[in-house]
Each structure stands twice: as structure tokens, then as C-alpha cells.
Amino acid sequence: MKTTTTAARARESAGNGTIAPAHTPAGGVGTSGVGHEGQTRSAVVTLLLEEGPITASDIGTRLGLSAAGVRRHLEALIDNGEARVAPAAALRQRGRGRPAKHFQLTAAGRNKLGHTYDDLAGAAMRQLRKIGGDAAIETFARQRVDAIVADLEPISGDEPSDIEEAADRIADAFTAAGFAASTRVVGNGVQICQHHCPVSHVASEFPELCHAEREAFAELLGTHVQRLATIANGDCACTTHVPLTNPVDLSTPSTPSGAQPSTGHRTSLRKELA
């Protein structure tokens with residue numbers, strides 16, 4: 001995993017007083033320090049991105065930093081508006097007592113990781129729409145997500161464990177494509193969380209990119225999925241909820257038109273691409 005790489009670099013560099021950053025953020029997240037300080041800040045940002053919400057204690061353990069060192073970096077990021085304390089509602093209580101504070105990147109902090117080709121991509125998409133209309137944008141968006149999940153097969157079973165494993169495979173594919181994705185079980189479902197979106201600025205203008213991802217998730221998982229949040233809309237992560245329990249069977253003749261199929265009665269949701 002990427003976070004393991006970050007921690008390993010920190011430990012390997014402890015002897016010479018430097019920590020090699022896992023990323024070199026465009027725009028300079030955490031560049032208020034120089035040399036060792038700036039590199040350590042970059043490693044902290046990487047953990048906030050890929051593992052957030054995460055506690056200061058976990059950051060210190062992963063990177064081999066003292067509690068004071070972690071606090072210094074977190075306070076600087078918070079003062080710059082690049083990090084924040086995660087809302088309590090977003091955390092799952094574990095055990096008794098007051099839960100430890102968890103930290104995560106803000107939208108401003110994530111934006112500083114760089115969107116080098118946003119202007120060019122936006123101009124290209126606008127030209128594509130001018131030439132081919134909305135259908136051309138939808139086709140492009142679908143072909144893009146199909147390329148990301150090209151090695152994945154639609155789910156073959158409908159047990160909760162089958163759905164969880166399929167969601168994990170989707171998260172792995174999106175992580176490989178730069179989305180820093182993960183999964184977590186919440187209530188009677190599993191959530192696919194994309195902690196970074198390389199195309200968020202473009203997706204805010206062209207939501208077809210997000211819609212295509214949701215459609216692909218539904219096809220691969222064989223069930224209706226719900227987008228709860230998107231980075232393109234200003235949220236801290238793209239979160240997609242996938243139910244683990246079979247919905248009511250809607251495949252009988254009395255099923256209202258447009259109703260979603262049950263997990264055990266899947267239909268293809270894939271659009272024909274031009």
C-alpha cells in the first residue's frame with residue numbers, strides 16, 4: 001500500500017535526518033518548511049490524503065515522528081486551511097471514552113496537490129461537447145471509466161462477502177488510477193471512498209464523469225449504488241454506498257417502470273457506446 005511506502009521511507013531516512021516525500025505536491029502543500037521540514041510535511045499530507053481521517057498518534061507511528069513534531073505540522077496545515085479536525089459524525093466510535101481527534105485534508109489542501117492539466121482538459125471537453133453534443137461527453141466519460149476497470153469482471157454471486165470483495169477490487173483499480181480509494185463497511189452496506197480525484201476540477205463542470213463511475217460500479221456490483229458525496233461538489237471524498245443486503249424483489253410483473261432490479265435479478269445497465 002502507498003501508506004506503507006511512506007512509512008518505510010520515513011524509517012529509512014531517520015538516520016540521515018531527511019524524509020523523502022511520497023509525492024511532490026504541485027503548488028506547494030506544506031512548503032513553508034525547507035529541506036527536512038518540507039519533506040516531512042509532504043509525508044504528513046500524503047497520510048492525510050490516503051488514510052484520513054487519521055489520528056496524530058497514527059501519523060507519528062507511521063512516520064517515526066514525535067508527538068510534538070506531528071502537532072507542529074498539523075497546526076501549520078490547519079492554520080493554512082489545508083487540514084481540519086474530522087467531524088465526529090464521520091467517525092465510528094471504538095470502545096469507551098472520548099474518541100481521539102482525527103484529521104483530514106480539506107478541499108483547499110487537496111487542490112494544492114496539483115491539477116496540472118485542468119485548463120487543457122476543460123478546454124478539450126468543451127470543444128468535444130461543441131462538436132458532438134452531450135452524447136459525445138457521455139461516451140468519453142464511459143470509455144474513460146471502462147479503461148480503469150477493464151480487468152474487472154461483474155460480480156458472480158450476491159452474498160455480502162461477494163459484494164465486499166468486488167468493492168475492494170474496484171477500490172484497488174481506482175487507486176492504481178490515482179484516486180487513493182478504499183472501502184469500509186458501514187451499517188448494512190459497504191462504502192467505496194475515493195480520497196483524491198485527479199479530475200475533480202473538470203468533473204465539477206462535466207458531471208458526466210461522475211455519473212459514468214456510478215454506472216460502472218452498479219454494473220460490476222450487480223446492484224443499485226448511491227453516490228453520497230463527491231469531491232467535485234466540494235466534499236472531502238467521493239463516497240459511494242453499496243447495499244450488502246438484497247433489496248425487495250422488483251422483478252415481478254407488478255414492478256413499477258424504472259424501478260431498480262434486485263441483487264438477485266440483475267439487468268445490464270451498460271450504455272451502448274458509439
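**Close-up views of a predicted model**

**View 1. Phe174 is a buried residue, with a relative accessible area of 1%.** Here, buried means under 20% relative accessible area, exposed means over 50%, and partly exposed lies in between (1.4 Å probe, protein chains only). This is a predicted model, in which local features need pLDDT of at least 70, side-chain atom pairs count only at pLDDT 80 or more, and totals for chains, interfaces and linings use all residues. Residues are numbered from 1 along each chain as its sequence is written, and side-chain values use heavy atoms, with hydrogens and water left out.

**View 2. Two aromatic pairs are found in the structure.** The ring centres of Phe174 and Phe179 are 5.1 Å apart with the planes at 70°, so this pair is edge-to-face. Rings of Phe, Tyr and Trp (its six-membered ring) pair if their centres lie within 6.5 Å; planes under 30 degrees apart count as stacked, over 60 as edge-to-face and the rest as tilted. Phe179 is buried too, at a relative accessible area of 2%.

**View 3. Phe174 also forms an edge-to-face aromatic pair with Phe217, at 5.4 Å centre to centre and 80° between the planes.** This pair links distant parts of the chain, 43 residues apart: Phe174 sits in helix 7 (residues 160-176) and Phe217 in helix 9 (residues 208-221). Helices (H or I, at least four residues) and strands (E, at least two) are DSSP runs, numbered from the N terminus. Together, Phe174, Phe179 and Phe217 make up one aromatic cluster.

**View 4. Three strands form an open sheet in the order 1-3-2, with antiparallel pairing.** Two strands pair if DSSP finds at least two bridges between them. Strand 1 (54-55) and strand 2 (83-85) are the edge strands, each pairing on one side only.
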